[in-house]
Amino acid sequence: MLTFILRRIGQSALVLLIVGLVAFAMFRFVGDPVDNMLGQERTLEDVERLKEQLGLDRPFPVQYFKFLEEAVQGNFGVSYRQGREVSEILLERAPATLELAAVSAIFAILLGIALGVYTAIRRDGFIANFIMSTSLIGVSLPTFLIGILLIYLFSVELNWLPSFGRGDVVDLGGWTTGLLTASGLKSLVLPSITLGLYQMTLIMRLVRSEMLEVLRQDYIRFARARGLSDRVIHFRHALKNTMVPVVTIIGLQLGAIIAFAIITETVFQWPGMGLLFINAIQFVDIPVMAAYLMLISVMFVGINLLVDILYAFIDPRLRVAGK
Amino acid sequence: MKKATTLLAAAALLSSTALVHAETLRWARSGDALTLDPHAQNEGPTHTVRHQMYEPLIIRDVTGAFEAALATEWAPKADDPNVWVFKLREGVKFHGGEDFTAEDVVFSFERAKQPNSDMKELINSITEVRAVDDFTVEIVTDGPNPILPNNLTNLFIMDKGWSEANNTVNVQDFEGGEITYATTNANGTGAYVLQSREPDVKTVMTRNEDYWGRDQFPLAISEIVYTPIQNNATRVAALLSGEVNFLQDMPVQDITRVNGTGGKMVKQAAQNRVIFFGMNQGAADLEGDNIDGANPLADVRVRKAMAMAINRDAIQQVVMRGQSQPAGMISPPFVNGWTAEMDGESGTDIDGAKALMAEAGYGDGFSIRLDCPNDRYINDEPICQAAVGMLGQIGITVNLEAIPKAQHFPKITDGKTDFYMLGWGVPTYDSEYIFNFLVHGRESDIGTWNGTGFDNDDLDAKIKSLASNTDLDARNADIAAIWRVVQDEQLYIPIHHQVLNWAMEEGLGIDVDPNDQPKVKHFSMN
């Protein structure tokens, strides 16, 4: 068991190193940050001096190892665009992204499971069919389009909800939250729906198909033969057995929600890490790009590692192979 | 009928709420200020935010003319052409209550000359700034500098005592990630006082009720809420929904939409930016062409033919939807040295162009790569696409390479392009600025944006002499002569002057500033 976990951790570390290397190899193609930093009146000497100061004149493997060396000590450098410590900026931006991701995830899970169960039980009903066909929109429309459509409808036409920003936030010792003010809550509605819609339809469709599968099983028939009420059969017996694959998917999708918040944050001017990353790409802000990419890959690798280890606990065959 | 009444009622409601909240300027544009430190970054949006709180000695009004700010009079010293004398405004107080005196001006200029300052290039001719008395300052330059005031319109004045008390005597080391008190706080003499600021999210300012110009300017806005909104569609939606009432960086494609919405309007003015193509005439052979051992662009007839093939009116009507002014010289209209005649030298003549190509020995044409940014100027890539078709008419096969600005501009400064698009604004409103960067042969500190390879020693000497020529008539004659060479050599192919669009709620009296630099103290309510 221990060897299994150690091997998995080793593999995860390797994946992280490779992600970083690929990222640094690509930064060269994003452009030259120096022009953005100095403005049009700079002299060529200024350019050379700054390139040397930032280490941009060195080949990318050298830059990468310097980054690793500093990152191991918890130092992610200074943002070229904002002139502040990257770790400080990320910490400042993280609450916005995590709060949005959490609300979207809750929205996707609750509504996804509820609608999934409903469409499975009433699978020939008119409403169930209507939900199923409209859910295709959620799967097929790109996020930015959904966001803009929602803004058009609820902000421009109906004037109900704000089109951008986080509203008023309350600072709780370094953690800013929009959950405690009316305008903060209103601001969360449209971005959460935009971000969570895809995951919601995914969960809904998964719950539905799993549930239909389970409802065909023999033990459900026996339960019916025993005269149990529909309610007990559906929610105690069927739903419980449906949840195993659903929980796995939810776990993996959580990472995706945080990572894909980039687009939603750009559309709604949500001051989170995704918007920071987009700004960083346009400005060629290498320290911010590097730190963000590493953070996201640490998160994905971490979740996968956790899922792997959990599987090993659940599935005895993996444990035996590990020994 | 019923619907119409509801609409009317809604419109009435909207306009009444607009009146109630109208003293707050809810202002959005695509980017935020990078820092509040007055001298740390020389960048448009950063200056714009600072201009509300800090003031230079002189500013420019919306016509481009000088307007007295902290200085009331300025002139070269009668007996010494190397010295400018500035009379300062009396009775001005900083937001913190400190008195504004000559000592603050001396301190601010010295601060702006520090190595970390981004403003130091603009004032590198200044050798000394001395206070004669409390309200007179003499600025000494290394030689006569007739256009010194032009370089001072973004040079903000800080309070010496405040800077010393808060440990911000030195300019923030931006690249080193230094945060100082001045990065996040502001203590200027300006019409608005900083209330709160979250970088990239929101900056709030309120009116300075003790402002020296309280009776002189409208000062109709009592509070400014500045929010950067990056996405074009979201920014326009925020205006349409009434969440913001003043918008910079208005997307061209939405102008009709905004004008068609009740209570909103778009105002325009010629912007301080001209768009043009540069051609590398200096190289012996070009990288991206199909002619070996020769450079077709070295022949002035080829350059003329290319300029004649561009149909500027078609670009204006089709690509820009009317949002541009065709240009014949690479200078914005209000710059000293611009003339209507030269700006009109840009006719389209395909037959004449073909004849010139044949005369130069390129009757069968050639192929070349055009480098173009795709995220810098209004419709930059579509303009290049249009040019590809137009140059195709005279046999030049153009391969377009449109890439983000962060990759495009290094190509020009590193000399890795033969044919490229560039846009230029002139903050000093004088042709010397254009010549220094775009016409003078490339050296380490001059001609840095001249990617044409053009290098004419006589002309370079003439350009350098402009800096210290105090005889303004002779200087203007020199400027005209240099422009004549630039035009005759067809150093660049001018395309058009950009038009600037600001969107706003009706009722706000705002005149568009060609520098894209609104000064809220000038805003009124109709």
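**Entry 1: domains of chain B**

I began with chain B and found 33 Å between the centres of its domain 1 and domain 2, taken over C-alpha atoms. Domain 1 of chain B is made of residues 2-263 + 506-525, and domain 2 of chain B of residues 271-498; such bounds come from an automatic or database domain assignment. I note that this is a predicted model, in which local features need pLDDT of at least 70 and side-chain atom pairs count only at pLDDT 80 or more, while totals for chains, interfaces and linings use all residues. Residues are numbered from 1 along each chain as its sequence is written, and chains are lettered from A and ligands numbered from 1 in the order in which they are written.

Domain 1 of chain B puts 13 residues into the contact and domain 2 of chain B puts in 17 residues (two residues are in contact if their C-beta atoms, placed from the backbone, lie within 7 Å).

**Entry 2: chain B as a whole**

I find 16 helices and 19 strands in chain B; helices (H or I, at least four residues) and strands (E, at least two) are DSSP runs, numbered from the N terminus. The radius of gyration of chain B is 25 Å, close to the 24 Å of the globule rule for 526 residues, so chain B is as compact as a globular protein of that length. That radius is taken over C-alpha atoms, and the rule is 2.2 Å times the number of residues to the power 0.38. Buried residues are 48% of the 526 residues in chain B (buried means 20 or more other C-beta atoms within 10 Å of the residue's own, with C-beta atoms placed from the backbone).

**Entry 3: chain A**

For chain A I have 13 helices and two strands. Its C-alpha trace spans about 85 × 65 × 35 Å along the principal axes. Of the 323 residues in chain A, 36% are buried.

**Entry 4: chain A against chain B**

I looked up the contact between the chains last. It takes 37 residues from chain A and 36 residues from chain B. Helix 2 (33-38), helix 3 (44-54), helix 7 (143-157) and helix 10 (230-268) of chain A each give at least two residues to the side that touches chain B. I sort the residues of that side of chain A into 16 nonpolar, 14 polar and seven charged.

Notes. Ala, Val, Leu, Ile, Met, Phe, Trp, Tyr, Cys and Pro count as nonpolar, Asp, Glu, Lys and Arg as charged, and the others, Gly among them, as polar. A residue is buried if 20 or more other C-beta atoms lie within 10 Å of its own, exposed if 12 or fewer, and partly exposed in between; C-beta atoms are placed from the backbone.
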